[in-house]
Amino acid sequence: MEGVSGRYDFYIGLGLALSSSIFIGGSFILKKKGLLKLASRGSIRAGQGGHAYLREWLWWAGLLSMGVGEAANFAAYAFAPATLVTPLGALSVLVSAVLSSYFLNEHLNVHGKIGCILSVLGSTVMVIHAPQGEEVSSLESMAEKLKDPGFIAFAVCVLVSSILLIFVAGPRYGRSNVLVYVLVCSAIGSLSVSCVKGLGITLKELFAGKQVLKEPLGWILLICLVICISVQINYLNKALDIFNTSVVTPIYYVLFTTAVMTCSAILFKEWQHMLLHNIIGTISGFLTIVSGIFLLHAFRDIPFTPDLLPLFLKQGRADLHTFWRGAEKHQSCLHQPLLGPEDIHNGSQSVEEEGERV
């Protein structure tokens, strides 16, 4: 019975994660449509300090869509493993890219299309091979997991490395190296996902009628979550302000998801009962998503024109036809006699003259 319940929880979490990506990806389109509509009216744009978007219903629809998506993502952690939920967040980028090409007339080049296909394939592989048994189903079990020496060592390493990055590496290399602030966001983000997971279990038990509001662990997790999210937003904004979005986004996704999967493996031990082929499938699916996100973002602003083709493709079919004609001509030369008719005739005359002399 527990196995059937765990399987239902897995599919509920999967559905929530997928719906979260759809709502969040669509929210960017709605907000952008609202802002473009205001710009066409001559209103002061948001980038110039204007707040006219607060009177646009499309912008509010986008905000509502994002709120629904974040709520669904929050709830997904209560049902499905973090190893599955976090990587599927990349689908929101895919949804946003596809919808923008249809509704915002933004060009999606061939690199972006390949990236979308790779993201879908990688997500499918991860869903097939992700762990379906949930290790933590109660707040008491969550408290025991948090006392694990392995997780305590991991949390200490995250905090110490984040402090060093913020106060030592940040002032020196923060404006020249994109990894400094992105590493801070990713490391702290792995702890925030653990807090979200614990709060999701708390709400799940609360709706089941259990007295969990008296437990201090839920409130501690809430405070830690607020602190972690504040640090994440602060340093992610710094990275986006200094560096190009097309550089920050794929690097942040890779490092953040890797940190979350590492934390999940240590805290929840979701990988402990997985078979070898499922572990390989999960890692392969994640790397496939990473490749897709990289292609989607890194080459987003690069137009794919014939000038970018290799030389042998740029010459076109005419040159290929010329090449094959030259090859046929060369091949026909192999079957020709070494001496032409004139050479044979001249040779025969010289032989007759020498015979007459003799």
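Author: Of the 358 residues of the protein, 39% count as buried, where buried means under 20% relative accessible area with a 1.4 Å probe and protein chains only, exposed means over 50%, and partly exposed lies in between. This is a predicted model in which local features need pLDDT of at least 70 and side-chain atom pairs count only at pLDDT 80 or more, while totals for chains, interfaces and linings use all residues. Residues are numbered from 1 along each chain as its sequence is written, and side-chain values use heavy atoms, with hydrogens and water left out.

The protein has 14 helices and 0 strands; helices are DSSP runs of H or I with at least four residues, strands are runs of E with at least two, and both are numbered from the N terminus.

Buried residues of H11 include Asn 278, Gly 281, Thr 282, Gly 285, Phe 286, Ile 289 and Val 290. Also buried in H11 are Gly 292, Ile 293, Leu 295, Leu 296 and His 297.

The unreviewed UniProt entry annotates residues 275-299 as "transmembrane region", along with other spans including 178-196 and 217-235; such annotations may be inferred rather than shown by experiment. Residues 178-196 are 95% helix and 0% strand, with end C-alpha atoms 27 Å apart. Residues 217-235 are 100% helix and 0% strand, and there the end C-alpha atoms are 27 Å apart.
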